[in-house]
Amino acid sequence: MKFTYSWLQEHLEPTASFEAIVDRLSLIGLEVEGVEDKAKALAPFVVGEVLTAQKHPNADKLKVCTVSIGAGDPIQVVCGAPNARAGLKTVFAAPGTVIPATGTELKIGKIRDVESRGMLCSAREMGLSEEHEGIIELPQDAPVGVPFAQVLGLNDPVVEIAVTPNRADCLGISGIARDLAAARLGDLLAPRIAPVPGTFPSPVNVTLDFGGTPSLCPAFALRVIRGVTNGPSPDWMQEKLRAIGLRPINALVDVTNFLTFDRNRPLHVFDLKKVTGDLVVRRAKTGESLLALDGRTYALDESMCVIADDKGVESLAGIMGGEESGCDAATTDVVIESALWEPINIAQTGRRLGINSDARFRFERGVDPAWMVPGLELATHLILDLCGGAPSEIVLAGAVPDTTRTIDFPLSEVKRLSGLEASEAEIMDVLTRLGFAVSGAAPVVQVVPPSWRGDIEGKADLVEEVVRILGLARVPATEFPREGGGRRPVLTPLQLRTRKARRALAARGMVEAVTWSFLSAKAAALFGGGQPELALSNPIASDLSDMRPSLLPGLIRSAQANADRGTGDVALFEVGQVFAGDRPEDQRMAAAGLRRAAAKPAGAGRFWQGNAGAADAFDAKADALAALAACGAPTANLQVTADAPDWYHPGRSGSFRLGPNVIGTFGEIHPAILEALDATGPLVAFELILDRIPEPKAKPTKVKPPLDLSAFQPVRRDFAFVVGQEVGAADILRAAMGVDRKLIADATVFDLYQGPGIAAEKKSVAIEVVLQPRERTLTDAEIEAVAAKVVAEVAKKTGATLRA
Amino acid sequence: MSDLVLTDHPGLDALERGIAAGILAADDEAALEQVRIAALGKKGTVSDLLKSLGAMTPDERKTMGPAINGLRDRVQGLIAARKDTLKAAALAARLAGERVDVTLPVRPAPAEIGRVHPIAQVTEELTAIFADMGFSVAEGPDIETDFHNFTALNFPEGHPAREMHDTFFLPPGEDGQRKVLRTHTSPVQVRTMLAKAPPIRVICPGRTYRCDSDQTHTPMFHQVEGLVIDKTSHMGHLKWILEEFCKAFFEVDRVTMRFRPSFFPFTEPSMEVDIQCDRSRPGEIRFGEGEDWLEILGCGMVHPNVLRNCGIDPDIYQGFAWGMGIDRIAMLKYGMNDLRAFFEADVRWLSHYGFRPLDFPTLAGGLSA
């Protein structure tokens with residue numbers, strides 16, 4: 001919303017400076033977005049009179065002029081403009097001036113050996129227009145030496161404010177003035193608008209016909225003015241409209257635009273001669289269309305409200321008029337419309353048709369219903385002044401709704417909600433100055449909001465009015481102590497896990513990415529997603545259309561982008577939400593990571609101590625286990641199985657299980673998946689669902705279990721088993737460990753061999769078993785007995801034989 | 001050495017001198033062993049002398065015994081000393097050949113390479129600050145119902161404020177309710193109030209979505225909101241909390257903040273907050289000084305309609321809420337200038353702007369230390 005300072009002064013007699021007003025606007029809730037002051041930018045340009053203009057001795061197209069700017073000696077200027085001539089009043093810029101159009105600083109110079117001490121300016125050089133045929137020609141009465149901006153009437157700053165959706169009243173300059181007056185920056189000028197008596201009955205009638213459907217038009221007023229002369233509007237009106245960025249059209253249309261901004265009262269004018277029969281306000285019929293004033297044709301339907309005559313639709317109610325019945329220079333008889341519209345319907349229609357008009361903007365936020373008829377009267381005054389003519393009587397349809405409501409307002413509410421100390425008198429004064437009717441006596445008064453403040457619902461709104469006008473700076477910052485009781489952790493176990501998983505993965509040399517929560521339908525489908533309930537109805541791009549079922553596609557895409565930028569060995573991870581459905585419980589917290597090419601945990605790429613090989617499934621497994629351990633998952637109970645979703649390599653992938661629950665997967669990404677995602681590998685990855693890890697049981701004490709150390713040396717025995725290739729090493733270890741849970745402290749694989757000496761379908765797995773005696777040193781016989789049991793148990797569980 | 005008198009027996013002296021010369025001349029352990037055998041071996045010269053003691057008279061033994069034993073002890077000592085010398089020399093010679101180039105590079109520690117994303121780090125920073133003020137962390141789903149995202153928050157159906165949110169929509173659920181990607185984290189406030197009776201003190205950090213994309217907007221971004229509901233908390237407390245937060249977060253001793261009235265459907269009164277700063281140095285913002293104002297958050301008293309929608313009586317309870325962009329305050333604090341880069345996963349950017357895994361933000365050690 002833009003306004004000029006002089007326009008504001010038609011509604012406000014300021015008692016403060018312009019700067020003070022600008023500063024205060026933001027502090028009362030009318031945020032200043034910019035102040036454009038052409039006078040400041042053009043300050044160095046002054047009116048000069050060309051005293052003499054003679055041909056340049058060394059150039060045919062140049063002239064040597066002497067210019068007077070009042071004080072001091074005449075100044076010599078070389079000028080190339082064809083219209084530079086003696087006696088001309090024009091614009092002079094002295095050396096040192098920055099030329100707005102070019103940004104360059106003017107210097108004293110010699111042009112073809114003749115000194116030039118300034119410049120005579122065209123409109124283009126000052127950034128005022130594209131006109132550059134010659135230097136500016138000012139009227140002969142322009143006073144020499146005064147700032148050019150003053151002569152042009154440009155010394156009127158334009159202020160642009162952001163008006164919040166609740167403050168439709170400030171979409172009119174009169175409303176802004178009222179707020180400023182309430183803040184004691186001036187006195188409100190609000191002359192009464194005298195009704196204009198009609199001199200004949202209106203030849204056009206109007207009916208509201210919604211045929212039993214909810215009305216979209218509470219009230220409609222019109223009047224005809226006959227015998228108008230519709231030429232250009234006067235300069236004062238054109239200047240106002242131009243200053244706020246509007247294009248003057250003709251006097252009748254300009255009056256409606258003027259009142260739209262002056263009073264937040266959009267109006268419409270029809271050319272009476274182009275209206276056939278009476279007007280009816282109704283829903284459009286499917287199939288009807290309107291050629292609107294913006295030159296476009298809109299297809300209409302029953303959800304939209306129109307103003308029609310016997311021919312058909314003439315105007316899209318409250319949004320934009322029709323081209324056919326519009327006013328032009330030939331208009332002599334005019335119908336003026338002032339109406340009220342259903343705000344939500346205006347918003348919906350405007351949105352569906354994609355029309356952003358000043359009228360729509362106001363009607364969807366809400367105009368002052370009580371001002372429907374006064375608005376029509378003021379328009380009548382202006383049209384009679386500018387165009388002449390004779391007014392008809394006013395025709396009214398429907399009824400202006402009574403919006404009067406009373407709010408019981410305990411004055412203590414101001415302190416309760418805001419903490420601001422204000423006297424009862426102060427509070428009541430602010431409300432009164434804003435147009436609220438306050439009655440009754442403290443402590444609880446009755447407040448009736450003014451008709452233009454449809455946004456005021458209750459006590460809290462009144463507190464806001466008081467506080468914003470008295471100033472938020474008066475609200476004292478008040479210490480907010482902690483609640484009583486001990487200090488408890490504020491994070492949930494899952495929140496804590498999410499953090500720990502993140503740090504654990506970063507500590508393994510991986511870099512955390514944050515990728516989009518949505519991806520292409522194709523990528524979603526590749527990773528088990530793509531359900532219809534997870535597809536956005538209005539995606540911003542086709543490759544960001546579906547909620548992600550997994551973090552992996554986003555990471556793969558990011559890894560490839562890094563490879564394309566030249567970093568091929570990249571280790572990325574993400575901790576974030578994935579979606580199995582659209583219910584809250586379908587959203588899971590996942591942690592996933594990948595390693596591309598040679599991004600090994602110990603370091604990537606070539607190195608003098610040995611080059612990093614390709615990252616493999618075991619790197620991904622180790623990453624996953626690091627995160628799981630950091631999360632406090634019971635890793636001892638974790639089972640790894642050789643089944644994984646089909647986006648992994650079928651032979652180089654696995655799942656982590658806790659009982660029946662799969663809590664994660666890992667392995668090499670399937671080459672076909674990479675190809676489908678336009679990515680190259682090799683690429684290994686893992687993904688964990690952190691909220692599937694069972695929460696640890698709360699313990700009554702923080703004391704750790706006692707340390708249990710044995711006084712006896714552990715005994716280590718090695719076994720080499722030959723087993724089928726399909727047998728898992730974990731099965732061998734589990735069988736070995738199960739022989740004597742008390743005595744066997746650990747079992748690990750220290751060698752894996754396939755090749756000569758071992759049958760083709762077999763492999764050799766060498767394990768070390770650690771025996772930890774607790775009561776006494778073991779005898780050789782005892783050790784041999786345990787070893788024999790290990791061999792027997794592993795053979796029984798896995799079909800293994802001892803390697804010869 | 002020839003004039004040195006070792007014993008009263010010139011024969012023994014000569015022998016000792018000879019052996020000592022042999023010991024000194026031995027230049028490795030093998031040669032020394034030869035000297036030792038020649039002297040102290042079974043048939044060695046000193047051993048022979050010791051054996052000869054048995055055939056001597058007691059008188060002779062009285063004088064020769066100590067002399068010969070003394071000779072043997074001294075020879076043994078000389079051999080041991082020579083042995084140590086030779087061993088040390090051999091070790092020194094071996095080590096001299098075992099030199100490495102200590103300037104060769106080593107692999108950097110993985111924890112030096114890995115990075116935590118600035119959004120995660122800043123979320124931990126602000127959580128630390130608010131946790132200290134007694135706030136806990138609430139979370140909720142990204143896919144929300146229209147009710148939680150709008151209706152409960154006092155957005156009237158069809159109201160322009162609703163339209164301003166550039167909402168992503170999903171197909172309606174089984175109950176026919178429209179689903180949306182949450183446009184703010186305020187639905188978490190609604191869920192918190194519906195689940196728990198006052199007093200309430202929570203912050204709600206998380207991902208939010210709006211279908212908007214340009215230089216300064218991404219379709220996904222991060223917000224943190226705060227909510228306090230009890231019987232006495234007012235705008236003065238809100239002011240204090242936000243000032244304390246800004247001081248702690250930007251790690252400055254004082255901040256000047258400007259509260260401006262504004263409009264949000266879910267708060268009344270509503271305010272926007274600007275923070276004073278100095279932007280005179282290119283690419284750098286300093287808080288706690290300067291002449292510029294920078295908008296950093298929106299806030300207000302929770303609207304009575306919102307309280308009612310969440311089953312809380314606005315005549316008994318009151319409270320406030322605020323919200324700000326995590327990405328935005330991260331950019332302000334750490335000088336990142338392009339929001340889009342947050343989501344591009346460029347490892348060059350992440351390595352530069354990300355945080356080392358062991359740099360935990362703590363109030364004790366400094367949030368960004």
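Predicted model: local features only at pLDDT ≥ 70, side-chain atom pairs only at ≥ 80, totals over all residues.
Colleague: What confidence does the predictor give the complex?

Modeller: The ipTM is 0.89 and the pTM is 0.87. For chain B, the average pLDDT is 91, and 96% of the residues score at least 70. Residues 1-5 of chain B are another matter: their pLDDT is below 50. That stretch has 2 contacts in the model beyond near neighbours in sequence.

Colleague: What makes Glu268(B) a residue to look at in the UniProt record?

Modeller: An unreviewed UniProt entry annotates Glu268(B) as "binding site".

Colleague: Which residues is Glu268(B) in contact with, leaving aside neighbours within four places in sequence?

Modeller: From chain A there are Ala460(A), Asp461(A) and Glu464(A). From chain B there are Gly300(B), Met301(B) and His303(B). A contact here requires C-beta atoms within 7 Å.

Colleague: What does UniProt place at residues 402-477 of chain A?

Modeller: The feature is "domain: B5", again from an unreviewed entry. The end C-alpha atoms of residues 402-477 lie 41 Å apart.

Colleague: How many residues does each chain bring to the contact between A and B?

Modeller: Chain B gives 68 residues and chain A gives 79. On the side of chain B, the largest share is 7 residues, from helix α10, residues 235-250. By class, that side has 40 nonpolar, 15 polar and 13 charged residues.

Colleague: How are the chains divided into domains?

Modeller: Chain A has domain 1 (2-37 + 157-188), domain 2 (40-152), domain 3 (206-398), domain 4 (418-473), domain 5 (493-692) and domain 6 (715-802). Chain B has domain 1 (10-96) and domain 2 (118-353). In chain A, the C-alpha centres of domain 1 and domain 2 lie 37 Å apart. In chain B, 92 Å separate the centres of domain 1 and domain 2.

Colleague: Why are β6 and β10 of chain A said to stand at the edges of their sheet?

Modeller: The sheet is open, with 5 antiparallel strands in the order β6-β5-β4-β7-β10. β6 (75-79) and β10 (119-120) each have a single partner strand, so one side of each is left without a neighbour in the sheet.

Colleague: How do you know that β7 and β10 of chain A pair?

Modeller: Pairing takes at least two bridges. Strand β7, residues 89-93 of chain A, is joined to β10(A) by 2 bridges, and the two run antiparallel. Phe92(A) stands opposite Leu120(A) in β10(A).

Colleague: Why is Leu743(A) called partly exposed?

Modeller: Buried takes 20 or more neighbours, exposed 12 or fewer. Leu743(A) has 17 within 10 Å, so the residue counts as partly exposed. Leu743(A) lies in the loop between α19 (729-737) and β40 (744-753) of chain A. Beyond neighbours within four places in sequence, Leu743(A) is in contact with Leu771(A), Gln772(A) and Val786(A).

Colleague: What makes the phi angles of Arg112(A) and Ala345(B) worth a mention?

Modeller: Both are positive in a residue other than glycine. Phi is near 50° for Arg112(A) and near 55° for Ala345(B). Arg112(A) lies in the loop between β8 (109-111) and β9 (114-116) of chain A. Ala345(B) lies in the loop between α12 (326-334) and α13 (347-353) of chain B.

Technical notes
Residues numbered from 1 in each chain as written. Chains lettered and ligands numbered in written order. UniProt positions renumbered as here; feature names shortened; annotations may be inferred. Helix = DSSP H or I, 4+ residues; strand = E, 2+ residues; numbered from the N terminus. Domains from an automatic or database assignment. Nonpolar A, V, L, I, M, F, W, Y, C, P; charged D, E, K, R; others polar. pLDDT = per-residue confidence, 0-100.
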